[in-house]
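Hi,

Here is the structure I promised to pass on.

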Amino acid sequence: MPRPIVAIIHLAALRHNLARARACAPDSRAWAVVKANAYGHGLERALRGFAEADGLALIEFDNAVRLRELGWTKPVLLLEGWFDAADLHTMARHGLNGAAHCDEQIALLESTPLARRIDVHLKMNTGMNRLGFRPHEFARAHARLRAIPHVGEITLMTHFANADEAAHRCLPIGEQIRRFDAGAAGLPGPRSLANSAGVFRMPELKETLVSDWIRPGIMLYGGTPGGGSAAEHGLLPAMTLASELIGVQDIAAGDFVGYGSRFEADRAMRIGVVACGYADGYPRHAPTGTPVLVNGVRTRSVGRVSMDMMAVDLTDVPEARVGSRVVLWGQGLPIDEVADSAGTIGYELMCAVAPRVRIEED
Ligand SMILES: *Cc1c(COP(=O)(O)O)cnc(C)c1O
């Protein structure tokens with residue numbers, strides 16, 4: 001029998017969450033972002049869950065080609081664009097779109113004749129200071145791209161740093177939109193601005209936030225980018241990480257649990273040992289008190305997470321025994337709460353689910 005830990009992927013939730021994104025941006029076309037193995041949910045499952053998306057966006061070339069091999073005929077967008085000339089040939093051969101964010105990429109495109117045109121997303125740096133041309137350089141980069149015969153449609157794109165906060169102190173979304181509008185003024189082509197946090201803001205910012213293409217990622221998987229809970233946004237968890245108790249210990253006041261003896265019982269108590277550890281992708285830095293469900297009852301982790309196991313408090317689950325079901329996150333326990341307790345974000349937890357964890361679908 002395999003170890004009881006399993007990541008259950010809820011395909012209906014992927015479909016539901018995509019519909020939620022569309023409801024926020026009814027006039028936009030939607031890229032479903034499937035980078036990082038669809039945030040840990042599996043590329044092939046994402047392809048089925050997002051069959052209604054207008055395109056799939058990712059970073060990895062091998063997976064972009066795999067989408068074609070799996071039969072995806074709608075657009076595919078490489079969010080960091082191409083890294084060398086061979087990538088450009090791959091893009092032309094498979095009809096893949098890519099982002100252009102620096103002069104080096106444009107130079108490569110100029111010096112690499114292609115048999116078929118490729119569509120390009122020209123990226124503007126509006127304050128995130130990761131990738132993209134500054135607003136004042138944007139029109140020049142656009143003209144340079146436009147002059148390349150094997151460039152097809154040019155979409156204008158940027159990426160928000162703080163769309164999850166109503167009024168960020170350093171770089172509010174409104175400021176990024178203003179910089180984008182200034183840099184893109186007079187240029188033709190569709191616009192692509194909104195990640196999940198931006199998508200949530202679109203109903204409120206109808207007048208200013210024009211995004212012909214949206215690029216939701218985390219919301220499609222039932223997580224939030226910050227600011228509000230998934231349930232408030234009407235999202236459903238797309239992954240449940242579940243396991244079982246494989247041991248139970250009755251401990252006395254003054255007994256310790258786990259490596260480093262970091263948890264000391266202040267009374268007699270029962271603890272359960274769960275087949276889930278950091279080698280499965282559970283965060284080792286999750287402290288005592290991180291929420292866990294045992295038999296559907298919310299309890300807490302105790303002591304250090306080890307490689308293959310972690311301990312949970314069974315005080316409120318007296319009927320729990322070896323074989324009892326444990327939910328680490330997902331249905332009944334939002335991943336954002338677990339992430340918050342562990343000092344991280346749901347994105348990191350989803351992406352970190354280890355290859356040794358069995359995947360099932362429901
Ligand atoms: C990852 C990514 C997204 C999706 O972001 P979420 O916060 O997961 O919605 C959108 N656009 C770009 C360029 C990205 O790299």
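This is a predicted model: local features need pLDDT of at least 70, side-chain atom pairs count only at pLDDT 80 or more; totals for chains, interfaces and linings use all residues.

Residues are numbered from 1 along each chain as its sequence is written, and side-chain values use heavy atoms, with hydrogens and water left out.

The ligand is surrounded by 13 residues (a heavy atom within 4 Å), and the closest are K35, Y39, S196, I218 and Y347. By type, that shell divides into seven nonpolar, four polar and two charged residues (Tyr counts as nonpolar here, and Gly as polar).

Some polar contacts (N or O pairs within 3.5 Å) stand out. A polar side-chain atom of K35 is 2.7 Å from a ligand oxygen. For Y39, the distance from a side-chain N or O atom to an oxygen of the ligand is 2.5 Å, and for S196 it is 2.5 Å. Taken alone, the ligand exposes 390 Å², and the protein buries 92% of that (Shrake-Rupley, 1.4 Å probe).

On to the record. An unreviewed UniProt entry lists residues 238-362 as "domain: Alanine racemase C-terminal"; such annotations may be inferred rather than shown by experiment. That stretch is 11% helix and 37% strand (DSSP runs, at least four residues for helices and at least two for strands), with its end C-alpha atoms 10 Å apart.

The unreviewed entry's "binding site" annotation covers R130 and M307. They span 178 residues in sequence and their farthest two C-alpha atoms are 34.1 Å apart, so they do not all gather at one spot. R130 is placed in the loop between β6 (118-124) and α7 (135-146).

Cheers

Notes. A polar contact is a pair of N or O atoms within 3.5 Å; within protein, one must be able to donate a hydrogen and the other to accept it, and residues adjacent in sequence count only if both atoms are side-chain atoms.
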